[in-house]
There are 2 protein chains.
Amino acid sequence: MPGKQGRKEEDAIFVGGKPFMNYVTAVVMQFSSEGADTVTIKSRGKFISRAVDVAEVVRNRFMKDKVDITKIEIGSEEFENEEGKNVRVSTMEITLKKK
Amino acid sequence: MPGKQGRKEEDAIFVGGKPFMNYVTAVVMQFSSEGADTVTIKSRGKFISRAVDVAEVVRNRFMKDKVDITKIEIGSEEFENEEGKNVRVSTMEITLKKK
């Protein structure tokens, strides 16, 4: 299902080290300009705290009473670092849905 | 229900700035020595990433195949800082339950 998968990817926002409001704006735009019904906020490691802040600010301020949190998932990813050591990193996905 | 509430409080672990393994051990002990059926990992602000790490390490390593994540909740707390300004902080609760 290339169409559907494509659409899903578009509606994911990856939270990293850019200015905080970039991510808030990106989520709000996804709902408004892009007409998304759900937006998934994805993050890893130390950026997880930030992703929660993004979700909370969207939900309580910019789209107050307009979106619900419908899913929160946490997980782990394992990968090999430069020294060939196995490293684990936590991941999180928060899904917001238009009311 | 003072008894039940009391029990619930005992089964909450607050993740902060102490060494990481302290929290992992505290959760595992709550299940084993204290015989808890569920343990809630609570955190605020920047410690949220750490709380997710604690949950993941307990679930995937120390109590592999023995616990499930049954609930993840995020929220906000507002308070007045030293300069009398209203500040918002994100909160998170992850509930683990014995299988």
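Me: Is B:D65 buried or exposed?
Reply: This is a predicted model, where local features need pLDDT of at least 70, side-chain atom pairs count only at pLDDT 80 or more, and totals for chains, interfaces and linings use all residues. Residues are numbered from 1 along each chain as its sequence is written, chains are lettered from A and ligands numbered from 1 in the order in which they are written, and side-chain values use heavy atoms, with hydrogens and water left out. Buried means under 20% relative accessible area, exposed over 50%, and partly exposed in between (1.4 Å probe, protein chains only). B:D65 has a relative accessible area of 59%, so this residue is exposed.

Me: Where does B:D65 lie?
Reply: Elements are DSSP runs numbered from the N terminus: helices are H or I with at least four residues, strands are E with at least two. B:D65 is in the loop between helix 3 and strand 3 of chain B.

Me: What is the phi of B:D65?
Reply: Most residues other than glycine have a negative phi. B:D65 is not a glycine, yet its phi is positive, at about 65 degrees.

Me: What is the relative accessible area of A:D65?
Reply: A:D65 sits in the loop between helix 3 and strand 3 of chain A. Its phi is positive too, near 65 degrees. A:D65 is exposed, with a relative accessible area of 57%.

Me: In what order do the elements of chain A run?
Reply: Chain A has 3 helices and 4 strands. From the N terminus on, they run α-β-α-β-α-β-β.

Me: What is the order of the strands in the sheet of chain A?
Reply: Strands of a sheet pair through backbone hydrogen bonds, either parallel or antiparallel. Two strands count as paired if DSSP finds at least two bridges between them. In chain A, 4 strands form an open sheet with mixed pairing, in the order 1-2-4-3.

Me: Which are the edge strands of chain A?
Reply: An edge strand here pairs on one side only. In chain A these are strand 1 (12–14) and strand 3 (67–80).

Me: Which residue stands opposite A:F14 in strand 2 of chain A?
Reply: Strand 1 of chain A runs parallel to strand 2 (residues 38–44), and 3 bridges join them. Opposite A:F14 stands A:K42.

Me: Why is one side of strand 1 and of strand 3 of chain B left without a neighbour in the sheet?
Reply: Chain B has an open sheet of 4 strands in the order 1-2-4-3, with mixed pairing. Strand 1 (12–14) and strand 3 (67–80) of chain B stand at the edges, so each has a single partner strand.

Me: Which residue of strand 4 of chain B stands opposite B:I69?
Reply: Strand 3 and strand 4 of chain B pair in the antiparallel sense over 13 bridges. Their hairpin has 5 residues between the strands, and B:G84 takes a positive phi near 75 degrees there. Opposite B:I69 stands B:L96.

Me: How are helix 2 and helix 3 of chain A set to each other?
Reply: Axes are lines fitted to C-alpha atoms, for helices over the stretch in contact, and angles run from 0 to 180 degrees between N-to-C directions. Helix 2 (residues 20–31) and helix 3 of chain A pack at about 55 degrees, with axes 9 Å apart. Angles under 35 degrees count as roughly parallel, over 145 as roughly antiparallel, 65 to 115 as roughly perpendicular and the rest as oblique. Helix 2 and helix 3 of chain A are therefore oblique.

Me: How many nonpolar residues are in the contact of helix 2 with helix 3 of chain A?
Reply: Contact means heavy atoms within 4.5 Å. The contact includes A:F20 and A:V24 of helix 2 and A:V54 and A:V58 of helix 3 of chain A. Ala, Val, Leu, Ile, Met, Phe, Trp, Tyr, Cys and Pro count as nonpolar, Asp, Glu, Lys and Arg as charged, and the others, Gly among them, as polar. The residues of this contact divide into no polar, 2 charged and, as asked, 10 nonpolar.

Me: Which residue of chain B is in contact with A:M92?
Reply: A:M92 is in strand 4 of chain A. With a relative accessible area of 2%, A:M92 is buried. Leaving aside neighbours within four places in sequence, its contacts include A:I41, A:V52, A:I72 and, from chain B, B:M92.
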